[in-house]
Amino acid sequence: MPDPYEAKEIIWIPFILNQLHCDENTLIIGHSSGCCAILRLLERQKVKGAIIVSAYHTDLGDESETISGYFNRPWNWEAMKGNAEKIVQLGSRDDHLVPFKEMVFVNQHINSEFVIFEEEGHFMFRKFPKLVEIIKERFCTSPSE
């Protein structure tokens, strides 16, 4: 993604729409700041589905999060729910960057399927077989997809 350190909404949302060509047939996956981008995108864009990992809804008291632009207005939870056929949320109780209560709040407002882990931290690893399994089980209609 462009602008990886500040993850500004004004850069990420146009990139997702115009460069990645996100549309109603897209399964979009985001982690941490990427979840904020997906949630704001879902306020206005239909997608096939979304997977959000370590999602949060406040700036966490972090100035770099504040300037990203995602937190300067209320969230439109109803629009999000209506713009994705399915939302699966992953979170770990021991996440050291995103408090678990943030994830629970998001889950309660979008009614996502919440897959809870105990010891995955902030999911900072390159291989994530469980994610592949979730994609296959929840989003693929046939074994060949």
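These legends describe close-up views of a predicted model. Local features need pLDDT of at least 70, side-chain atom pairs count only at pLDDT 80 or more, and totals for chains, interfaces and linings use all residues. Residues are numbered from 1 along each chain as its sequence is written, and side-chain values use heavy atoms, without hydrogens and water.

**View 1. An open sheet holds four strands in the order E1-E2-E3-E4.** The pairing is parallel. Strands E1 (27-31) and E4 (113-117) each have a single partner strand, so one side of each lacks a neighbour in the sheet. From one strand to the next, the twist averages 15 degrees. Strands are DSSP runs of E, at least two residues long, and helices are runs of H or I, at least four, numbered from the N terminus.

**View 2. E1 runs parallel to strand E2 (residues 47-53).** Five bridges join E1 to E2; two strands pair if DSSP finds at least two bridges between them. Ile-28 has Ala-50 of E2 as its bridge partner.

**View 3. Helix H1 (residues 9-19) packs against H2 at about 70 degrees.** Their axes are 10 Å apart. That angle makes H1 roughly perpendicular to H2 (65 to 115 degrees). The contact (heavy atoms within 4.5 Å) includes Trp-12 and Ile-16 of H1 and Ala-37 and Leu-41 of H2. Its residues divide into six nonpolar, two polar and two charged.

**View 4. Gln-45 sits in the loop between helix H2 (33-42) and E2.** Gln-45 counts as buried, at 18% relative accessibility (the cut-off is under 20%, with a 1.4 Å probe and protein chains only). Beyond residues up to four places away in sequence, Gln-45 touches Leu-17, Cys-22, Asp-23, Glu-24 and Asn-83.

Definitions and conventions
Axes fitted to C-alpha atoms, helices over the stretch in contact; angles between N-to-C directions. Buried < 20%, exposed > 50% of the residue type's maximum accessible area, 1.4 Å probe, protein only. Parallel < 35°, antiparallel > 145°, perpendicular 65-115°, else oblique. Nonpolar A, V, L, I, M, F, W, Y, C, P; charged D, E, K, R; others polar.
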